[in-house]
Amino acid sequence: MTDHNDSNEITDLSPGSLLTRRHLLMFVSVAAGGLAATLVGLPLVGFLIAPIFRKEPAVWRDVGALKDFSVGHTSKVTFEDSSAIAWGGEDSETAAWLRRVDEHTFEAFAVDCTHLGCPVRWEADAELFMCPCHGGVYYKDGKVAAGPPPHALQQFPVRILNNSVQVEWRKLPPIARNGPCPGHAPTNREVDA
């Protein structure tokens, strides 16, 4: 039995001899591919998670002149939605129910029922907000009168500026099933209770 080395076998296994030109090029290619994937992927990840941290701006919108609203009257007002996309068309408008309580006090209620978000309508003769979807009923101050709604209608802040009535539009938070309504300003009776 003769002991000989085949010319195709690698006999030198020292660490310096294992790094060949092929291994170096493969390492550089994988590193460059990983860097390129990271550079492309970071903006994508940022795009996907940015809405979680972005707050929608609150914007004051003119809804009419002070003289256009009479005391005790509730009317639907429309204004531009500041979070809408530029090409949204009619979707860029939103609405609120505006009620003039006295000479200097207004209440603006969201048009969405707190049950499932159907639009409520104002019934002037009964002085009630009615939801056509599941029979939700609200008093003129936005509190629940009957039906399945878990909370009062959400409200927007209202101010009078230069004889113009303005509603502060902001994206209203979703209604929680338990706990106070996040968009309803408590009245004196609710605070004392």
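A disulfide is taken here as a pair of cysteine sulfur atoms within 2.5 Å. The model is predicted, and local features need pLDDT of at least 70, side-chain atom pairs count only at pLDDT 80 or more, while totals for chains, interfaces and linings use all residues. Residues are numbered from 1 along each chain as its sequence is written, and side-chain values use heavy atoms, with hydrogens and water left out.

A search of the whole structure finds one disulfide, formed by Cys118 and Cys133, whose sulfur atoms are 2.1 Å apart. The pair links distant parts of the chain, 15 residues apart: Cys118 sits in the loop between strand E4 (105-110) and strand E5 (121-123), and Cys133 in the loop between strand E6 (128-130) and strand E7 (137-139). Strands (E, at least two residues) and helices (H or I, at least four residues) are DSSP runs, numbered from the N terminus. The link of Cys118 and Cys133 is left-handed, with -105° about the S-S bond. Relative accessible area, computed with a 1.4 Å probe on protein chains only, sorts residues into buried (under 20%), exposed (over 50%) and partly exposed (in between); Cys118 is buried at 14%, whereas Cys133, at 38%, is partly exposed.

Cys113, by contrast, is in no disulfide, and the nearest cysteine sulfur, that of Cys131, is 3.8 Å away. Cys113 is buried, with a relative accessible area of 6%, and Cys131 likewise counts as buried at 6%.

What surrounds Arg100? Arg100 lies in strand E3 (residues 93-102) and is buried, with a relative accessible area of 6%. Contact means heavy atoms within 4.5 Å, and, leaving aside residues up to four places away in sequence, Arg100 touches Leu66, Phe69, Ser70, Val71, Gly72, His73, Thr105 and Phe106. A polar atom of the Arg100 side chain also lies 2.8 Å from the backbone oxygen of Glu103.

The sheet comes last. Two strands pair if DSSP finds at least two bridges between them, and three strands form an open sheet in the order E1-E11-E10, with antiparallel pairing. Strand E1 (59-65) and strand E10 (158-161) stand at the edges, each with a single partner strand, so one side of each is left without a neighbour in the sheet. Four bridges join E10 to strand E11 (residues 164-169), the two running antiparallel, and Arg159 has Gln166 in E11 as its bridge partner.

Note on methods
A polar contact is a pair of N or O atoms within 3.5 Å; within protein, one must be able to donate a hydrogen and the other to accept it, and residues adjacent in sequence count only if both atoms are side-chain atoms.
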